[in-house]
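My entries follow in the order I made them.

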Amino acid sequence: MDNMEALLKAKIPCPETGIEVKRTICDICCPCTHYGIDAYVKDGVVIKVEGTKEHPRNKGKICTKGHASRQYIYRSDRLRTPLRRVGERGEGKFKPITWDEAYAEIARRLNAVKETLGPDSVAFFSGYTKWYRQFLHRFAYSFGSINYGSECSTCYKSAVMAWEATAGLYAAGPDMGNSNVLLGWALNPYYSKHLALPRLQAFKDKGGKIIIIDPRKTPATAKLADMHLQLKAGTDGALALGMAKLIIDNGWADLDYIEKYTHGFEQYKAYVSLFDLDRVSKITGLDPDDILEATRIYATSGPACIQESSAPLAHQINGFQNYRAMICLNALTGNFDRAGGCLPETITYYDQSAGYLTYEHEYYRSREPKSEHPRIGQERFPLWSKLVDEFQAMDLLRQITEEKPYPIKAVFACGMNAKMFPNTRRFYEALKSLDFFVDVDLFMTDTAKYADIVLPACTSFERGEFKAYPGGYAQFTNPVIKPLYESKNDVQILSELAAVMDLDDDLLRQGYEAGIAFMLRDLDVTIDQMKGSDLPIKVPGAHGDVAGELLEHGFPTPSGKFEFWSEAVAEFSQSHGLDPLPTYRDPFDDHIGDPAEYPLKLITGARIPNAIHSRLHEVPWLRSLRPEPTADLSLEDAERLGIAKDDWMEIVTPTGHLRVKAHPTSKIQPGEVHLFHGYREANANDLVSEVHLDPYSGFPGYRANRCAVSKG
């Protein structure tokens, strides 16, 4: 092998090989994990990726998904041109058209709905990824539609609602650097939010105690936890309320804090008195001594903080209230807005707390139209609509089908994934009934096959993007390769379409950089400065949240205090039966099947390190790590049912059925079946009813269903 061949084989960047290292970010997953990437580029093609060691967010570490970025970019099903449907919806038959033809048809068809039925009859929806959402939101409002929504209808926003209804905040996070104890609720950074792992390991190394609450045994429970409370799925709220009773009864509550800074304690105290140790043990399946010991450690060894994973708690029909019950432990022990506890976070830009303010929300709210109509889902889920400025997408299927309180006849979507909707088959039928459906995506997904017009988007490697990072950092990436084929980035599509549709919105029509400049207009850093650096730069004047500010100046709640009794929820007590206290409800106590016919509990949505929803199951490297759709069941249930490892088994619910491979394991409890989601050939949400929803947030009960299992 000669020297040049060796250099090329090793992918060594140098003038001789023509390989350059260009820096960008990976944004396949949620914004908190958009980390730095070193892209090795030769002849305009990405040939290798590594983590950027100097990046303040990931310091060179990338996850399994990021390692497969090259295969993600060059997937064989990348969309290459705009397409017009020529077959039946869902059939996947399309013909290529030009961008001009696509824009002209979209403008004509959307404006036709607007003229005949009004702009609210067009719904605008965002799935993954999320980088363009402020622009799509503004596009919807400039079009005149009140109906902008996103996959946040099932992801994270329930946690935001719980914080807002309790403390008036968007989010709060653990002050691990000053804490002695951490309650990790559904915490598993080995599979999800892996950038939290170094902080957790450092916390443990300094002697901090970690208690993890999770119905599964995970790498985190094995490697991080000093104590693992393996409760029954969906019973987190009962555990939190039982811990509250123990804290009050044993004199561990911070009564001075409660008197000064909280609202509704007496009502809360009366309610938690119902959750004695014996009752909580029966509900959760935990040993009473373990509940007592975990509570003692948390309440008496402080300062103590809580770090949770929101999705596992939120994806229950009692998810919002479970989350509130957990939050209330912070104030009960005097550990909220104090060093070592949970600190309020001021959000900078798209869910990231970077210590400086932007005009992110003003960018689209300034264009909000006045409408005589409620948003989709507003009448059914009024608390969601009060706290979240999006429609609740879990009511979209019903409104398309029933046309009440008004019809939805067209949907313009970016990255829509029908598999996120319960009873996905029914949602596909709803898409079939639309007059017009547009989908923008990277790939020819199952959802895109139902669209009338499909537009090809591009990846973060093919565009520039602004990012805010904790620690006062800002970054504006540059493209490392040209957009593949005829693809365009989402915001370019929106700004060009706004011009074709003659929307009265000059700022939107100017494109991405103009919009970001509007949002960053008060910062002492420019887009050009950021683009001139291949790393995030410090924003002058940025500072972190300081403990005690809310305690000194008051909470942004109706009472001005931390609310055990939520006044925001109380507004809907009479009209919708919502309870201002964080009450507990059995997550399986619903119309989800007779336990005699469906004796097992079905929990879907557990994270696996090689996938994010359904977007990565078609990436060869990642699919190879779990090639078959699989469900975990306990060793005891497997033996009773005569099911061995890799046997095919059928899972049946009142909503649907599917076949998957079996994985008997000791990591879950008898009576539970944990199904991994996102597989095209075995869609977990086909088993979940579209009416199995949390009345507070509208979130689906993905993780609490009843099923029957048989071999075959």
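**Entry 1: second largest pocket**

I found that H18 gives the most to the lining of the second largest pocket, with 4 residues. The model is predicted, so I noted the limits: local features need pLDDT of at least 70, side-chain atom pairs count only at pLDDT 80 or more, and totals for chains, interfaces and linings use all residues. Residues are numbered from 1 along each chain as its sequence is written, and side-chain values use heavy atoms, with hydrogens and water left out.

I wrote down the pocket rule next. On a 1 Å grid over the protein atoms alone, a pocket is an open set of points with protein on both sides within 12 Å along at least five of seven lines, while a cavity is a set where a 1.4 Å probe fits but cannot get out; lining residues have an atom within 4 Å of a point. Grid points are joined across faces, edges and corners, and a volume is the space filled by probe spheres set on the points.

The second largest pocket holds about 160 Å³ of space. I counted 13 lining residues, and Met394, Leu397, Arg398, Arg426 and Glu690 are the closest to the pocket's centre. Helix H18 (396-402) and helix H19 (424-432) each supply at least two residues of this lining. Helices (H or I, at least four residues) and strands (E, at least two) are DSSP runs, numbered from the N terminus. By class I get 7 nonpolar, 1 polar and 5 charged residues in the lining. For the classes, Ala, Val, Leu, Ile, Met, Phe, Trp, Tyr, Cys and Pro count as nonpolar, Asp, Glu, Lys and Arg as charged, and the others, Gly among them, as polar.

**Entry 2: cavities**

How many cavities of 30 Å³ or more are there? I get 4 by this rule.

The largest cavity has about 160 Å³ of space. I see 22 residues lining the largest cavity, with Tyr72, Thr129, Leu442, Cys458 and Arg615 nearest its centre. Helix H3 (69-73) and strand S16 (436-441) each supply at least two residues of that lining. The lining of the largest cavity splits into 12 nonpolar, 5 polar and 5 charged residues.

The second largest cavity has about 70 Å³. Among the residues that line the second largest cavity I noted His34, Trp131, Tyr349, Glu465 and Tyr512. Its lining holds 6 nonpolar, 2 polar and 3 charged residues.

**Entry 3: helix pairs**

I took H6 (residues 157-167) and H15 (residues 319-332) to start. They pack at an angle of about 50°, with axes 9 Å apart. That makes H6 oblique to H15. Axes are lines fitted to C-alpha atoms, for helices over the stretch in contact, and angles run from 0 to 180 degrees between N-to-C directions. Angles under 35 degrees count as roughly parallel, over 145 as roughly antiparallel, 65 to 115 as roughly perpendicular and the rest as oblique.

H6 passes H15 in a right-handed crossing. A crossing is right-handed if the near helix is turned clockwise from the far one by less than a right angle, left-handed if anticlockwise. The contact includes Met161 and Trp163 of H6 and Phe320 and Tyr323 of H15. Contact means heavy atoms within 4.5 Å. The residues of this contact divide into 8 nonpolar, 3 polar and 1 charged.

H9 (residues 236-249) and H13 (residues 288-300) pack at about 65°, with axes 10 Å apart. H9 and H13 are therefore roughly perpendicular to each other. The crossing of H9 past H13 is right-handed. Leu239, Met243, Leu246 and Ile247 of H9 meet Ile291, Leu292, Thr295, Tyr298 and Ala299 of H13. I get 8 nonpolar, 1 polar and no charged residues there.

The axes of H4 (residues 99-117) and H20 (residues 490-500) come within 10 Å and cross at roughly 60°. H4 passes H20 in a right-handed crossing.

**Entry 4: backbone**

Most residues other than glycine have a negative phi, and most peptide bonds are trans. I looked up the exceptions.

The bond from glycine 302 to proline 303 is cis, with omega near 5°. Proline 303 sits in the loop between H13 and strand S13 (304-308). Lysine 404 and proline 405 are joined by a cis peptide bond, with omega about 5°. Proline 405 is in the loop between H18 and strand S15 (410-414).

Tyrosine 156 has a positive phi of about 75° although it is not a glycine. I place tyrosine 156 in the loop between strand S7 (148-150) and H6.
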